[in-house]
Amino acid sequence: MKISPDEIVFYQIPVSLFNRTFSIDINMTIVGTWGIMIFLFFFFRHITKDFNDSLQMTRLQNMVEVLVKFLREQIESIMKRKADPFICLIGSLFIFILVANWTALLPIPFIVDKSLEWYMPPTSSISTTAGLSIVVMSSVIVYGMKKQGIFGYFKRFFEPIFILFPLNILSEISSGVSLAIRLYGNIMSGGLLAGILFVLAPFFLPGLINIYGLLAGTIQPYIFSVLAMVYISAGMGDPSESEMEELMSLQLERI
Amino acid sequence: MDMGLVWIAVASIIGASVAVGLGGIGPALAEGMATKQTLASMAQQPDEASTLRSTLFVSMAMLESTAIYALLVAMILIFSNPFWNYAVSNIVR
């Protein structure tokens, strides 16, 4: 039984670098990630083509507006900041992980080396989730430095006292690792459980487990983006008084 | 069959089962406590239900991740055990 989409290799590109030869594998993770990315790109481009300001909007425009409004409200309530600089990153992470988790239910067959392989979602591979977590942790650094300057950012690691510097670094690294492993473990265990129960009791139990997987696959992107917001806003320090007032006036305007 | 291999297999299987079994206890108790408290708070303050629910989801995921770590160790022990692979490759040589 395959437990990771990394093991399903479609094509190998041989590379020789520094007198050593190795191969870059085009595996299920890469194919799935790019498939989802292309699907999302063309889907949202198709939707946004006929957006309008009137009340006579299409259903898909309504859907996108609900999604964006939800993300904005979450960002403003959790980060206590204006949502504009973060909505691209957080929203992309949320939508990508959500769609990737939901594709776990699609039974897409692939023929690899004359044997039948089934589609697995890219989030059930540790490489994808580790990549997403690297994106989040590096954006913590970028946003923090943009806000506070380089020295202001690194001051965070020497608080409350300079002896705690190694522990602060460790907690930064472990929060990134746990972000990756949480998503990977949840999605992988859901798929694996469905596979094992399919061997034991086909027809009924795998369906129930897949419904549970759908629930976990809906909650996990929310968790991932909420934790990304928490880490980024912790890296940026406390919001200043003027920022808070700006946010308050923005929220009042909306009402 | 080499007895060393058998012992590696036995130790891996027992280790995986113990990891999942013991690793499930803590998160299960913790999630129960968190849910209990959240339900009590929701019953007291129904207006705050949406905030409580979203906080509950996040804390659930944090609690669950400890169980996921245990599961991951068990999966590594069963499906890609480094000691087993090392022993097998040495015997083949």
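Good morning. In chain A, confidence is lowest in helix 7 (residues 241-254), at a mean pLDDT of 79, and highest in helix 3 (residues 87-102), at 92; pLDDT is the predictor's confidence in each residue, from 0 to 100. The chain A average is 85, and 100% of the residues score at least 70.

Some conventions come next. This is a predicted model, in which local features need pLDDT of at least 70 and side-chain atom pairs count only at pLDDT 80 or more, while totals for chains, interfaces and linings use all residues. Residues are numbered from 1 along each chain as its sequence is written, chains are lettered from A and ligands numbered from 1 in the order in which they are written, and side-chain values use heavy atoms, with hydrogens and water left out.

Let me turn to the architecture of chain A. Chain A has seven helices and four strands, where helices (H or I, at least four residues) and strands (E, at least two) are DSSP runs, numbered from the N terminus. From the N terminus on, the order of elements is β-β-α-α-α-β-β-α-α-α-α. The C-alpha trace of chain A spans about 65 × 60 × 40 Å along its principal axes. Of the 255 residues in chain A, 38% are buried; buried means under 20% relative accessible area, exposed over 50%, and partly exposed in between, with a 1.4 Å probe and protein chains only. Among contacts in chain A with a separation of 6 or more, 63% join residues 24 or more positions apart, a contact being heavy atoms within 4.5 Å.

Helix 3 of chain A packs with helix 6 (residues 205-235) of chain A at an angle of about 160°, and their axes are 9 Å apart. Axes here are lines fitted to C-alpha atoms, for helices over the stretch in contact, and angles run from 0 to 180 degrees between N-to-C directions. Helix 3 of chain A is therefore roughly antiparallel to helix 6 of chain A; angles under 35 degrees count as roughly parallel, over 145 as roughly antiparallel, 65 to 115 as roughly perpendicular and the rest as oblique. A crossing is left-handed if the near helix is turned anticlockwise from the far one by less than a right angle, and right-handed if clockwise. Residues making the contact include A:Leu93, A:Phe94 and A:Trp102 of helix 3 of chain A, and A:Leu214, A:Tyr222 and A:Phe224 of helix 6 of chain A. By class, this contact of helix 3 with helix 6 of chain A has 14 nonpolar, five polar and no charged residues. In this classification Ala, Val, Leu, Ile, Met, Phe, Trp, Tyr, Cys and Pro count as nonpolar, Asp, Glu, Lys and Arg as charged, and the others, Gly among them, as polar.

A further pair in chain A is formed by helix 4 (residues 126-155) and helix 5 (residues 165-200), which pack at about 150° with axes 8 Å apart. Helix 4 and helix 5 of chain A are therefore roughly antiparallel to each other, and helix 4 passes helix 5 in a right-handed crossing. Among the contributors are A:Ile126, A:Val136 and A:Tyr153 of helix 4 of chain A, together with A:Glu172, A:Leu179 and A:Tyr184 of helix 5 of chain A. The contact of helix 4 with helix 5 of chain A comprises twelve nonpolar, four polar and one charged residues.

In chain B, the axes of helix 1 (residues 3-44) and helix 2 (residues 49-79) come within 8 Å and cross at roughly 175°. Helix 1 and helix 2 of chain B are therefore roughly antiparallel. Their contact has 18 nonpolar, seven polar and three charged residues.

Finally, some individual residues. B:Arg53 lies in helix 2 of chain B and is partly exposed, with a relative accessible area of 41%.

Leaving aside neighbours within four places in sequence, A:Glu117 is in contact with residues including A:Lys2, A:Ile8 and A:Phe110.

A:Val64, in helix 2 (residues 59-79) of chain A, is buried, with a relative accessible area of 10%. Not counting residues up to four places away in sequence, A:Val64 touches A:Phe44, A:Ile47 and A:Phe51.

A:Lys80 lies in the loop between helix 2 and helix 3 of chain A. Although A:Lys80 is not a glycine, its phi is positive, at about 55°. A:Lys80 is partly exposed, at 41% relative accessibility.
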